[in-house]
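Subject: A structure to look at, with notes

Dear colleague,

I am passing on a structure, and I would be glad if you opened it before reading the notes that follow.

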Amino acid sequence: MKVTSGFIFVFLVLFIGISLASAEEVSEPQLLGNWTGTSVGHYANLGYIDEGTFTYTLAILEQNGRVLNGTLYEEGIRGNKEYPFSGIIGQDLKTLFFADYIKGYNTGFIVDDKLIELILLVDGNEGLSEVCTLTKVE
């Protein structure tokens, strides 16, 4: 009798644990819309830049699950530029990966539902490293 009671108890614990785990599935963050902010970094031909040098608007136009696309708009000392991209939210639901249609790749992090940090890296003679802190526009 004790073996049967123990078996039923273990079965119930496993069943409840599996049920709770599947009920807690986390969905991907919804990033649609505009995100704005500034950056700091270092450019091969400009040296160090501070927050007043460039401002950015990240426009995420479409999102299908963890896949998204849009345009990063830059305003600053080099004029106004546009960088269309395709992107992926990583498996951890925090890391961003962007393929810039013009040049290179960028990564980033979803800090929370109102804050994104983009890491921009470009190699070569016009190389740069830059971090953009972007806030969701309501």
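A residue is called buried when its relative accessible area is under 20%, exposed when it is over 50%, and partly exposed in between, using a 1.4 Å probe and the protein chains only. Ile88, with a relative accessible area of 34%, is therefore partly exposed, and this residue lies in strand S5, which covers residues 79–89.

Please keep in mind that this is a predicted model, in which local features need pLDDT of at least 70 and side-chain atom pairs count only at pLDDT 80 or more, while totals for chains, interfaces and linings use all residues. Residues are numbered from 1 along each chain as its sequence is written, and side-chain values use heavy atoms, with hydrogens and water left out.

The protein has one helix and nine strands, where helices (H or I, at least four residues) and strands (E, at least two) are DSSP runs numbered from the N terminus. Of its 138 residues, 30% count as buried.

Leaving aside residues up to four places away in sequence, Leu32 touches Ile60, Leu61, Glu62, Gln63 and Lys136, a contact being heavy atoms within 4.5 Å. The C-alpha atoms of Leu32 and Ile60 are separated by 5.0 Å, although the two residues are 28 residues apart along the chain. Thr53, in the loop between strand S2 (47–49) and strand S3 (54–64), counts as buried because its relative accessibility is 14%.

Next come the aromatic rings. Rings of Phe, Tyr and Trp (its six-membered ring) pair if their centres lie within 6.5 Å, and planes under 30 degrees apart count as stacked, over 60 as edge-to-face and the rest as tilted. By this rule the count comes to three aromatic pairs. In one of them, Phe54 and Tyr56 are tilted, with 6.3 Å from centre to centre and 40 degrees between the planes. Phe85 and Phe98 form a stacked pair, at 4.3 Å centre to centre and 25 degrees between the planes. This pair links distant parts of the chain, since Phe85 is in strand S5 and Phe98 in strand S6 (residues 95–100), 13 residues apart. Phe85 is buried at 3% relative accessibility, and Phe98 is buried at 6%.

With kind regards
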